[in-house]
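Here is a short report on one protein model. Look over the sequence and the structure first, then read on.

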Amino acid sequence: MSLLEVRDLRVEVEGKLILDGIHLTLEEGENYILFGPNGSGKSTLISSIMGLPPYRVVSGRIIFMGEDITDKSADYRARLGIAVAYQNPPEITGIKLSDLLKLCLGKDPKDDFSSEEFGLIEAFNLKGFLDRDINVGFSGGERKRAEILQILFLRPKLLLLDEPDSGLILRV
Ligand SMILES: Nc1ncnc2c1ncn2[C@@H]1O[C@H](COP(=O)(O)OP(=O)(O)OP(=O)(O)O)[C@@H](O)[C@H]1O
Ligand SMILES: [Mg+2]
């Protein structure tokens, strides 16, 4: 059984067909890189796999670990173990990065990070960002680092990284 199978997927947004018959098979334990020109639909494919609006599947199926998730909510897919690091992570005013990281770990905001978790925060050079609102005033590379760390703490089965290109030199 493949980890993910995208079968003949057609996706539209605002009445415009963006993906027209996409086939993609991903196997567990493998890394894949998807190349394509700007506007060719890479981010749209990722959003469609995650089940995010406003993307609408017109036809085709998305199968994750043998289960047809084409009509499932993004929340359901996240609980199955699919995660996305977004090309443009949003700013979230009023929530500290440390609180979100603890949520990702399944901890209460009152809990402390373990020494291993804190080691990763330091490796990502994000110690000084823990008390800041999520992504507010972060540089592009800092946003990417924060995004990747959140995702690592979620421990997903399928991790979709949308252009994780800048600022990701780690000190580990
Ligand atoms: N919400 C939307 N409303 C209207 N058009 C959209 C929307 N989302 C995507 N599109 C269009 O769909 C096409 C595919 O966009 P997408 O972001 O998936 O491309 P991409 O391959 O990720 O490009 P890039 O390399 O620039 O990140 C583009 O023409 C884009 O303008
Ligand atoms: Mg994109």
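In the hairpin of strand 1 and strand 2, 2 residues sit between the strands, and glutamate 14 takes a positive phi near 50°. Strands here are DSSP runs of E with at least two residues, helices are runs of H or I with at least four, and both are numbered from the N terminus. This is a predicted model: local features need pLDDT of at least 70, side-chain atom pairs count only at pLDDT 80 or more, and totals for chains, interfaces and linings use all residues. Residues are numbered from 1 along each chain as its sequence is written, while chains are lettered from A and ligands numbered from 1 in the order in which they are written.

## The sheet

Which order do the 4 strands of the open sheet have? The order is 2-1-3-4, with antiparallel pairing. Strands count as paired if DSSP finds at least two bridges between them. Strand 2 and strand 4 (67–68) stand at the edges with a single partner strand each, so one side of each is left without a neighbour in the sheet. Strands of a sheet pair through backbone hydrogen bonds.

Now take the pairs in turn. Strand 1 (residues 4–13) and strand 2 (residues 16–26) run antiparallel and are joined by 8 bridges. Strand 1 also runs antiparallel to strand 3 (residues 56–64), with 7 bridges. Glutamate 5 has a bridge partner on each side: threonine 25 in strand 2 and isoleucine 63 in strand 3. Isoleucine 63 in turn stands opposite aspartate 68 in strand 4. Strand 3 and strand 4 are antiparallel and share 2 bridges.

## Around ligand 1

How many residues surround ligand 1? There are 13, and the closest are Asn38, Gly39, Lys42, Ser43 and Thr44. A residue is counted here if its C-beta atom, placed from the backbone, lies within 6 Å of the molecule. Helix 1 (residues 42–50) gives the largest share of this shell, 3 residues. By class, the shell has 3 nonpolar, 8 polar and 2 charged residues. Ala, Val, Leu, Ile, Met, Phe, Trp, Tyr, Cys and Pro count as nonpolar; Asp, Glu, Lys and Arg count as charged; the others, Gly among them, are polar.

The domain assignment gives domain 1 (4–80) and domain 2 (92–157). Such bounds come from an automatic or database assignment. The C-alpha centres of domain 1 and domain 2 lie 27 Å apart.

The largest nonpolar core has 30 residues; Ile49, Leu97, Leu126, Ala146 and Leu149 touch the most other members. Elements giving it two or more residues include strand 1, helix 1, strand 5 (82–85), helix 3 (97–104) and helix 5 (140–154). Each of domain 1 and domain 2 supplies at least three residues to this core. A nonpolar core is a set of buried Ala, Val, Leu, Ile, Met, Phe, Trp, Tyr and Cys residues joined through C-beta atoms within 7 Å. Buried means 20 or more other C-beta atoms within 10 Å of a residue's own, exposed means 12 or fewer, and partly exposed is in between, with C-beta atoms placed from the backbone.

## Inside the helices

Leucine 149 is in contact with Leu101, Leu120, Ile121, Phe124 and Leu126, leaving aside neighbours within four places in sequence. Contact means that two C-beta atoms, placed from the backbone, lie within 7 Å. In helix 3, the buried residues are Leu97, Leu100, Leu101 and Lys102. They pack against strand 6 (92–96), strand 7 (133–134) and helix 5. Just after helix 3, glycine 106 takes a positive phi of about 80°.

Methionine 50 is in helix 1. Is methionine 50 buried or partly exposed? Methionine 50 counts as partly exposed because it has 19 C-beta neighbours inside 10 Å. It touches Ala74, Arg77, Ile82 and Val84, not counting residues up to four places away in sequence.

## Backbone exceptions

Most residues other than glycine have a negative phi, and most peptide bonds are trans. Aspartate 8, in strand 1, has a positive phi near 50°. Aspartate 8 is exposed, because 11 other C-beta atoms lie within 10 Å. Asparagine 135 has a positive phi of about 65° and lies in the loop between strand 7 and helix 5. Asparagine 135 is buried, because 21 other C-beta atoms lie within 10 Å.

A cis peptide bond joins proline 53 and proline 54, with omega about 5°. Proline 54 is in the loop between helix 1 and strand 3.
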